[in-house]
Amino acid sequence: MITRLSTLFLRTLRDDPADAELPSHRLLVRAGYIRRIAPGVYSWLPLGLRVLREVERVVREEMDAIGAQEISLPALLPREPYEKTNRWTEYGPGLFRLRDRKGNDYLLGPTHEELFALTVQGELNSYKDFPVTLYQVQTKYRDEERPRAGILRGREFIMKDSYSFDLDEDGLVASYALHRGAYQRMFDRLGVRYVIVSAMSGAMGGSASEEFLAESPNGEDTFVRCLESGYAANVEAVTTPAAAPRPIDGLPPARVCDTPDTPTIDALVDWANSAGLGRAVTAADTLKTVLVKTKLPAGEWQLLGVGLPGDREVDIKRLAAAMEPAEVVLLTESDFARNPFLIKGYVGPKVLRDNGIKYLADPRVGIGTAWITGADEAGKHVVDAVCGRDFTPDGTVDAAEVRDGDPSPDGAGVLVSARGIEIGHIFQLGRKYTDAFSVDVLGADGKKVRPTMGSYGVGVSRLVAVIAEQCHDERGLRWPAEVAPADVHLVIAGKDEAARAGAEQLAADLDAAGVRVLLDDRKASPGVKFADAELIGVPVVCIVGRGWKNGLVEVRDRFTGSGGEVPVAEAMDLLSRRGS
Ligand code: ATP
Ligand code: MG
């Protein structure tokens, strides 16, 4: 195929769009790939649509290769199925809701678990039909609070979502493994640098959910990794190794000390270092109590004390993940007022136990560790409070912030944090949705069996932005060959008629060899054409210009910047290998 820039529906922009912060956003707009319609809502112009279609092709090929079957469900969906799973409400303001002329409620699908469960229920009724995996590449709608970076976080976007249906756990694990492999091949082919992070802590089922994060300093997701072992996890999923129990015998007894005006850890540490304790004290030697309240979906609010070393903050996202499905919020002033035994700044484990409040401690608070902690009276702390002797937590909780340099849970080294953009998510869902709709089929033994589901997403339109984010330089985009909008960008430089005719011939020959050619046959100056070629980012640029009369053309690799003049025949040979 030959695409002529003289007629292509394309206008490149010299200036960055005012609202673009990330390079991918700037370049995709400037190079004429996408145009903004509304916040988080974008149009695809010809070159952008081509890249999007290439990404979709790779995604489909890898899904088909694991035996997944493509179907397509509507984006406009009735309320009832989502009402049944409670997601009509649970999704909150993220859901686009609308009403038809008869007053019926509809939504624009943010993800389709409900509809796939119902679709399978409608079509299949015997164990012989399983396992089955269905997928779609489809437009999704989410009223994101902060749409971002053009198509990176859109309110309308394209997702590949697939759903596996198996009759038992082993089947689900196998379907999950197939998806994991397909995603690896997909992202490898797309040339994305990524890591797979566990999205859930071991306590909740190990690898039951993993995210694929494209590495990018501009990512919104923070993850930690261990460079020695390759361990990588979401911060929420990191587990802190539990402290081994230490002997308690011989430890000095606990004693309550006057610590006037020490409601903060800093003030307490200052006091401890001037109190003649015979040792240097740091914040890590203090045990602070953070108070929250939690509520199970059908339950009442309950107070919870979280004990952790004074040099760490509670990471509320980690605490929330650890307490799921309970909701967690910090205590307010009025909560303190209602529980006057909680003396702010001086709360310790004892008052919690005396008042029947659950107390969970950081795993570093092991048996035999000694702490300076609150004595539950203004201006007083307990020194040498020993865990397992003077107080005993009701359990441990991983709620402290994770820091660079913390030990890796696999014991192999230390953790460092990095940022990423979520490009895929695989999840062993279980029977939540088949339960909701009582999806049952006939088992081999004649009894009913309820399928178990996996759900798997890929951000197809987001990937276009992610690849642009990872593959660009200050002059423009640099597409990997697999997704590029053309194979060769052929520039006619200069007014030499012979060169122009030669370039046309070269384009025709390349086309015949199956190479997709973007031919710059415009009447613009060579400078403008070179700048556009670099901006547009086709992997190879071939310039037909001054050298033509000597039988030479210039071939340049957009990625490495390397290249030079070569004889036309050699160029033809070189470039035709770019075709498919
Ligand atoms: P995020 O944490 O980035 O909001 P998510 O966890 O809500 O994503 P999933 O429900 O797991 O997303 O959706 C599957 C995939 O769809 C994600 O891995 C991501 O690549 C993509 N995706 C999700 N939301 C958007 C969006 N607003 N715009 C573009 N792609 C998105
Ligand atoms: Mg996700």
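Predicted model: local features only at pLDDT ≥ 70, side-chain atom pairs only at ≥ 80, totals over all residues.
**Exercise 1. Identify the residue after H7 and give its phi.**

Solution. Go to the end of the helix: Gly276 follows H7. Its phi is positive, near 65°.

**Exercise 2. Work out how the buried residues of H7 (residues 265-274) are arranged, and what covers them.**

Solution. 
1. List the buried residues of H7: Ile265, Leu268, Val269, Trp271 and Ala272.
2. Look down the axis of H7. The buried residues fall within an arc of 160°, so they line one face of the helix.
3. Recall the general rule: an α-helix has 3.6 residues a turn, so residues three or four places apart point the same way.
4. Turn to the face away from the buried side, where Asp266, Asp270 and Ser274 are exposed.
5. Find the cover over the buried residues, which includes strands S14 (255-258), S15 (286-295), S19 (370-377) and S20 (380-386).

**Exercise 3. Describe the second largest cavity by volume, lining and composition.**

Solution. 
1. The volume is about 50 Å³.
2. The lining includes Arg148, Arg153, Glu220, Asp221, Glu422 and Arg462.
3. Strand S22 (residues 415-430) gives the most to this lining, with three residues.
4. Sorted by type, the lining of the second largest cavity has two nonpolar, one polar and six charged residues.

**Exercise 4. Locate the largest nonpolar core and the contacts of Tyr33.**

Solution. 
1. The largest nonpolar core has 59 residues. Leu28, Tyr33, Phe187 and Trp479 have the most contacts inside it.
2. Leaving aside neighbours within four places in sequence, the contacts of Tyr33 include Leu28, Trp44, Trp479 and Ile536.

Note on methods. Residues numbered from 1 in each chain as written. Chains lettered and ligands numbered in written order. Heavy atoms only, no water. Core = buried A, V, L, I, M, F, W, Y, C linked by side-chain atoms within 4.5 Å. Buried < 20%, exposed > 50% of the residue type's maximum accessible area, 1.4 Å probe, protein only. Contact = heavy atoms within 4.5 Å. Helix = DSSP H or I, 4+ residues; strand = E, 2+ residues; numbered from the N terminus. Arc of directions from axis to C-beta. 1 Å grid on protein atoms, 1.4 Å probe; cavity = no way out; pocket = protein on both sides within 12 Å on 5 of 7 lines; lining within 4 Å. Points joined across faces, edges and corners; volume = space filled by probe spheres on them. Nonpolar A, V, L, I, M, F, W, Y, C, P; charged D, E, K, R; others polar.
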